[in-house]
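Please open the model in your viewer and keep a backbone torsion display at hand, since the tour moves from one selection to the next.

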Amino acid sequence: MTTKFELKDRSSLIIVTVKFTANERAAFFKLALDTGCSQTTLRPGVMLALGFKTSDALRKVSVTTGTRTESAYEYELAEMATLGWKVKTVRLIAKELPLSLPFDGLLGLDFFRMVKKKLTVDFEKRELKLE
């Protein structure tokens, strides 16, 4: 499956639309593709929109970012779908992200490991290919 993406300039991030399903709700959110992120990460507000409370978290975890170690909460969602593929029973984390970032979270490497597909990023054609 091939998906087009836009880049406004050399410092732009690749943003993809991801559908999350949980608690009999489904919603679409914008996530930045982040190959340095081992586990998909969402803002706590996304979890609220999907019907979760902090008390619904599986556990509290420590997350090491590029600059420090932070606390986050791990949740389990029924389904996650993007780039033409979907996975069931997904564990991800929720933690605060800078408010200045224009997206709802980070699409981490865990998704690509779960679908067991090769990700190709073609900057010349501005395409993501997952095959």
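**A tour of positive phi angles**

Begin by selecting Glu-24, which lies in the loop between strand E2 (15–22) and strand E3 (25–33), where strands are DSSP runs of E with at least two residues, numbered, like helices (H or I, at least four residues), from the N terminus. This is a predicted model, in which local features need pLDDT of at least 70 and side-chain atom pairs count only at pLDDT 80 or more, while totals for chains, interfaces and linings use all residues. Residues are numbered from 1 along each chain as its sequence is written, and side-chain values use heavy atoms, leaving out hydrogens and water.

Although Glu-24 is not a glycine, its phi is positive, at about 60 degrees. Most residues other than glycine have a negative phi. Glu-24 is also exposed, with a relative accessible area of 85% (exposed means over 50%, buried under 20%, and partly exposed in between, with a 1.4 Å probe and protein chains only).

Next, select strand E6 (residues 69–82) together with E7, which pair in the antiparallel sense over nine bridges; pairing requires that DSSP find at least two bridges between two strands. Thr-82 has Trp-85 in E7 as its bridge partner, and in the hairpin of E6 and E7, with two residues between the strands, Leu-83 takes a positive phi near 55 degrees.

Move along to Thr-89, which is placed in strand E7 (residues 85–94) and has a positive phi near 50 degrees, although it is a residue other than glycine. Thr-89 is partly exposed, at 49% relative accessibility.
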